[in-house]
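Colleague: I'm new to this one and would like to learn how to read it. Could you take me through a few features, giving the general idea and then the case at hand?

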4 protein chains.
Amino acid sequence: MVVILKENPDPKQLENLTRWLKSQDLVIHSSNGIHQTVLGLVGDTSRIDIDLIKALDIVEDVVRIQDPFKSANRKFHPLDTVVEVGPARIGGGNFALIAGPCSIESEEQICSIAEAVKKSGAAILRGGVFKPRTSPYAFQGLRAEGIKLLLEAKKATGLPVVTEIMDISQLDLFGEIDMIQVGARNMQNFELLKQLGKSDKPVLLKRGFASTIKELLMSAEYILAGGNHRVILCERGIRTFETATRNTLDLAAVPVLHNLSHLPVVVDPSHATGVAKLVEPMTMAAVAAGCDGVMIEVHNDPAHALCDGPQSILPENFDAIARRSLILREALKK
Amino acid sequence: MVVILKENPDPKQLENLTRWLKSQDLVIHSSNGIHQTVLGLVGDTSRIDIDLIKALDIVEDVVRIQDPFKSANRKFHPLDTVVEVGPARIGGGNFALIAGPCSIESEEQICSIAEAVKKSGAAILRGGVFKPRTSPYAFQGLRAEGIKLLLEAKKATGLPVVTEIMDISQLDLFGEIDMIQVGARNMQNFELLKQLGKSDKPVLLKRGFASTIKELLMSAEYILAGGNHRVILCERGIRTFETATRNTLDLAAVPVLHNLSHLPVVVDPSHATGVAKLVEPMTMAAVAAGCDGVMIEVHNDPAHALCDGPQSILPENFDAIARRSLILREALKK
Amino acid sequence: MVVILKENPDPKQLENLTRWLKSQDLVIHSSNGIHQTVLGLVGDTSRIDIDLIKALDIVEDVVRIQDPFKSANRKFHPLDTVVEVGPARIGGGNFALIAGPCSIESEEQICSIAEAVKKSGAAILRGGVFKPRTSPYAFQGLRAEGIKLLLEAKKATGLPVVTEIMDISQLDLFGEIDMIQVGARNMQNFELLKQLGKSDKPVLLKRGFASTIKELLMSAEYILAGGNHRVILCERGIRTFETATRNTLDLAAVPVLHNLSHLPVVVDPSHATGVAKLVEPMTMAAVAAGCDGVMIEVHNDPAHALCDGPQSILPENFDAIARRSLILREALKK
Amino acid sequence: MVVILKENPDPKQLENLTRWLKSQDLVIHSSNGIHQTVLGLVGDTSRIDIDLIKALDIVEDVVRIQDPFKSANRKFHPLDTVVEVGPARIGGGNFALIAGPCSIESEEQICSIAEAVKKSGAAILRGGVFKPRTSPYAFQGLRAEGIKLLLEAKKATGLPVVTEIMDISQLDLFGEIDMIQVGARNMQNFELLKQLGKSDKPVLLKRGFASTIKELLMSAEYILAGGNHRVILCERGIRTFETATRNTLDLAAVPVLHNLSHLPVVVDPSHATGVAKLVEPMTMAAVAAGCDGVMIEVHNDPAHALCDGPQSILPENFDAIARRSLILREALKK
């Protein structure tokens with residue numbers, strides 16, 4: 001970390017800063033130019049709040065030389081992490097399609113979709129049971145009952161399953177679930193992340209819709225720091241001024257995350273766009289951007305889905321998307 | 001709710017939509033213009049997902065006539081809600097200053113600040129014990145120990161106290177805390193909101209940094225719908241492209257919230273700006289915009305605060321701000 | 001256009017609104033439901049300011065049934081527009097690579113790059129001569145002299161050329177330029193757009209970095225309404241809170257624009273990301289999203305470019321990108 | 001300017017960078033820490049494109065010690081600039097209300113409003129004649145005819161007048177106009193700014209709705225660098241995800257601009273919010289935040305205004321706002 005001081009810093013404040021930095025077990029290398037003094041800090045700066053120092057009167061700016069995420073950092077772990085979810089593998093050249101309905105509604109619904117997406121090549125089945133809904137009066141998901149139905153579909157198809165957790169107290173219900181999803185609204189639910197750091201299950205961590213790429217990596221770091229190294233990152237759109245799509249899918253996040261981190265990156269074009277006919281082109285674009293997987297909402301009858309129906313696609317649409325994804329991935333190898 | 005159909009809607013899809021709407025216990029009044037058909041829906045539309053219908057092929061747009069927040073809605077509760085926090089009152093013409101350190105560090109620290117801000121006119125003492133930190137390696141707060149220290153300061157000064165909860169599991173520790181704060185990152189932690197709806201304590205609900213004003217009201221609705229009507233809303237800045245301040249303080253939210261809702265509105269200029277010297281002008285602006293209270297970070301030595309120090313102000317600065325707020329409020333009555 | 005009134009609208013205000021709407025040559029079809037009245041407006045509503053009506057006390061909401069862009073609208077022009085730029089064709093299945101340096105610096109520079117990108121398959125040569133720079137002290141481009149050098153390169157290679165105009169007064173210099181670029185900062189320079197509407201040259205219209213997709217189409221409409229139908233739209237990233245890339249490339253804009261309009265859509269990954277190593281993956285993603293062309297900055301020595309160097313790529317990088325784009329486009333046809 | 005290099009920079013690239021920096025007439029002071037090398041640059045760095053250097057492979061980050069705006073910088077001009085607009089004065093403790101209709105429609109309209117706002121204490125009359133409209137089919141203003149009407153109102157009341165310019169070619173019509181307004185969409189119309197730098201008239205420069213505070217100052221610098229020092233900055237809201245108001249009024253920009261620059265700062269609550277009933281509270285908030293003036297749209301009959309009507313207020317509303325602004329300003333002096 002490098003601290004650049006303003007011209008002619010107040011000596012009393014500089015002494016305060018220096019003393020505080022030393023109390024944080026940092027060694028200070030000061031270099032004095034004609035117009036500015038620069039403090040180079042050596043030691044473990046990951047605990048240091050950069051904003052704190054930046055806001056001091058005598059400080060012009062602070063620059064991190066090392067990103068504060070250590071376990072997620074590609075610098076220290078150059079090889080791609082491969083996450084196994086049941087028999088499926090994601091990352092390090094392994095690509096997986098994750099598919100299923102937004103909400104699980106009935107055994108018949110989840111099982112028929114599971115069969116269909118498996119046939120089309122999906123490697124993992126998704127289905128929501130705890131639903132984060134803006135309105136308290138909206139359908140909140142089948143909850144424990146939904147978990148049971150999802151596990152029925154797992155048994156029937158052999159597909160590993162992923163579903164979203166909304167609170168630590170629900171963790172007991174996830175015993176046979178293969179991967180735990182943390183939704184965008186919970187990306188900075190740090191108590192939940194700490195608990196998942198103690199779990200041995202893969203975690204699918206969605207980017208908050210107003211979180212930066214580095215904040216996503218810091219949230220992953222919470223899980224990794226707890227000892228759980230099976231984290232998959234998910235880009236699902238960020239909130240901007242544009243209203244033509246529900247969110248703005250930030251596909252540059254895919255190569256940026258791959259540059260910064262060794263963790264696999266998955267893209268969710270369904271929630272990002274909120275528009276069914278954009279799912280196919282955005283899946284193609286995500287694959288071309290180099291992602292390790294795509295998560296797509298598939299429903300057997302979008303018009304009747306209890307939630308998020310319009311962004312869902314039918315099994316036959318999914319089949320075409322899966323087929324074209326494969327062709328694209330082959331072409332990209334050339 | 002009004003559904004505007006596209007020209008020449010597919011009859012099969014229209015029939016599907018109509019059937020589904022009726023299954024939601026809604027009565028449909030159809031009116032046919034030359035170029036468009038409009039469906040007026042009568043009944044309880046608060047459970048209806050507007051995005052679902054909007055995304056159908058045959059639908060041009062959907063307009064809610066009634067906002068989906070009922071309990072928070074001024075239309076149905078024209079009188080201002082006054083929330084009592086110990087002896088303090090907020091809303092309905094009652095204004096309160098909430099002050100204290102970002103993080104509680106020691107008994108001496110919290111007690112000396114408490115004495116100082118009480119003398120300057122603060123009505124409620126704040127102090128963080130569970131700290132939502134971006135980095136897992138940063139100081140996470142004194143937690144249970146901090147609660148004890150905060151209660152010491154309460155006993156010593158008689159000031160009611162507010163502190164942030166980060167997870168349902170911490171709720172047991174809040175028995176003697178006078179008001180529970182829900183931080184920006186947890187504004188859509190719906191499971192937490194549901195629990196707080198069963199509590200009898202006032203809740204200070206901060207706006208998420210990427211949440212709209214209506215989403216804030218929907219989150220308040222979660223608490224109100226559970227039976228707890230003691231909710232105070234807090235504007236604390238939203239995330240934008242501007243980097244001169246940590247967030248962009250959206251002061252228009254104050255009169256907008258007052259127009260839409262009967263709940264009191266408090267402003268946090270410390271976190272919104274992240275810059276100590278902006279706290280005074282933004283406090284003045286917040287008071288002039290008509291807010292019911294201001295929450296300010298006060299520290300006895302900003303340079304040594306363990307977190308968020310640079311945005312804190314010293315007790316003597318707070319004293320000046322408190323005095324000027326009072327003068328301003330008097331002037332605004334003219 | 002449909003105007004939805006609030007419950008029990010003030011009769012005097014309703015009469016005012018009705019009179020004003022009639023004065024705009026609109027026919028009003030009123031339909032009265034139990035809880036709301038809806039006014040259907042028939043006639044040319046493209047001149048109506050929707051915000052004006054929306055803000056009236058008696059109005060709940062206003063919904064446009066028809067987008068206010070008529071000439072750019074696919075509804076009225078279902079076939080793809082193909083724009084010819086010299087021998088190059090863009091749109092309607094025709095794909096073109098546009099390449100060249102950010103700024104033209106010397107005859108040798110522009111000619112050598114032109115030769116190189118032509119060999120790799122670029123169909124159009126780009127090169128900046130009027131440079132919109134944030135700082136008045138930064139290099140402002142070679143201006144008239146740069147136009148001459150660009151035309152030398154055109155003569156030497158036979159490639160059609162495109163460069164940015166910054167003010168109407170520069171138009172005389174564009175006589176032999178094949179396509180006129182309107183930069184993001186000028187997307188709503190309406191006087192300039194009107195002048196270009198009278199031109200017979202193709203216009204490459206870049207999306208403003210804080211403009212919505214519909215605003216881009218409204219700006220295109222200014223040119224089309226003037227009689228010039230040779231407009232190419234360009235997505236080049238929007239401004240968001242994310243700082244890992246210079247802007248956030250909104251690739252969903254490609255299919256959204258194709259759905260709304262018949263005009264060709266080109267993507268600029270160089271300016272969107274501002275990072276050289278992201279140009280290739282974002283070019284691939286743009287092609288997969290279905291764009292009609294990609295505009296890439298190519299420099300013979302990025303480290304020495306006078307401006308925007310770090311986002312430029314070398315001719316050999318461009319050659320690889322061009323080759324892979326072709327493979328991708330072939331794969332997408334399957 | 002300080003350039004912080006990555007660990008173990010490539011020697012060849014470092015040599016390239018060093019040579020280029022020297023070619024820019026900069027002296028380099030290199031300081032080598034254990035883990036990083038820092039280059040301190042001495043000389044005129046205002047011409048240097050910081051993004052260019054930041055994007056080099058060997059560079060970790062670049063920090064400007066001095067802001068690139070020199071003439072607008074308070075560091076070099078500590079005293080407040082006072083701008084005279086006819087008999088009115090803005091800045092350095094002088095406060096002015098600017099009021100008038102969005103669009104000038106008729107002599108009767110502009111003159112009656114002028115009389116009214118003068119009586120209420122407005123110091124400057126505003127009125128739009130060239131209107132930047134999103135749609136080419138919307139009313140584009142009375143243009144030259146409108147200028148004449150505005151000057152009639154000036155003659156009748158003695159109030160100095162301000163109106164917006166949209167293109168350099170219109171400049172000749174501004175001979176008797178007292179202050180030239182540059183709209184948000186033209187804040188980075190650099191050719192226009194250069195021309196205004198050669199003018200001797202005051203310029204009211206509005207912040208672009210997606211421009212940072214520092215970009216606003218860079219645009220002011222274009223005018224100042226040309227020799228025209230009579231620049232007034234105007235905060236008018238920025239584009240965010242929030243839709244309850246047309247834009248998000250960034251009131252922290254007022255003290256931030258006052259800290260960075262000596263130029264006066266005016267606030268436009270009418271365009272920022274787009275909602276008439278928010279104009280009064282936001283005017284009060286702007287005054288409390290310390291602005292040097294407020295610009296308010298006033299119409300004699302909002303419901304019939306040709307544009308922007310709903311955000312206008314009537315003369316009697318303006319009178320109350322003017323009176324309360326005065327009371328507030330007096331209270332703030334205490």
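Modeller: Let's begin with packing, where contact means heavy atoms within 4.5 Å. The buried residues of α3(B) pack against β7 (96-100), β8 (124-126), α4 (144-157) and α10 (315-332) of chain B. Keep in mind that this is a predicted model, where local features need pLDDT of at least 70 and side-chain atom pairs count only at pLDDT 80 or more, while totals for chains, interfaces and linings use all residues. Residues are numbered from 1 along each chain as its sequence is written, chains are lettered from A and ligands numbered from 1 in the order in which they are written, and side-chain values use heavy atoms, with hydrogens and water left out.

Colleague: Which residues in α3(B) are buried?

Modeller: Buried means under 20% relative accessible area, exposed is over 50%, and partly exposed lies in between (1.4 Å probe, protein chains only). In α3(B), the buried ones are B:Gln109, B:Ile110, B:Cys111, B:Ile113, B:Ala114, B:Val117 and B:Ser120.

Colleague: And how do I find a helix's ends and check its span?

Modeller: Helices (H or I, at least four residues) and strands (E, at least two) are DSSP runs, numbered from the N terminus. After α3(B) comes B:Gly121, with a positive phi near 115 degrees.

Colleague: What about two helices side by side? At what angle do the axes of α5 and α6 of chain C cross?

Modeller: Axes are lines fitted to C-alpha atoms, for helices over the stretch in contact, and angles run from 0 to 180 degrees between N-to-C directions. In chain C, the axes of α5 (residues 190-197) and α6 (residues 213-225) come within 6 Å and cross at roughly 40 degrees. Angles under 35 degrees count as roughly parallel, over 145 as roughly antiparallel, 65 to 115 as roughly perpendicular and the rest as oblique. So α5(C) and α6(C) are oblique to each other.

Colleague: Which residues of α5(C) and α6(C) meet?

Modeller: From α5(C), C:Phe190, C:Leu193, C:Lys194, C:Leu196 and C:Gly197 meet C:Ser219, C:Tyr222 and C:Ile223 of α6(C). That contact has five nonpolar, two polar and one charged residues. Here Ala, Val, Leu, Ile, Met, Phe, Trp, Tyr, Cys and Pro count as nonpolar, Asp, Glu, Lys and Arg as charged, and the others, Gly among them, as polar.

Colleague: Are B:Glu242 and D:Arg207 buried or exposed?

Modeller: B:Glu242 counts as buried at 4% relative accessibility, and D:Arg207 is buried at 1%. For another case, B:Arg89 and B:Glu84 form a salt bridge at 2.7 Å, N to O. B:Arg89 is partly exposed, with a relative accessible area of 39%, and B:Glu84 is partly exposed at 39%.

Colleague: Which residues are linked in a network of salt bridges?

Modeller: A:Arg207, A:Glu235, A:Asp250 and C:Glu242 are linked that way.

Terms used: A salt bridge is a side-chain nitrogen of Lys or Arg within 4 Å of a carboxyl oxygen of Asp or Glu.
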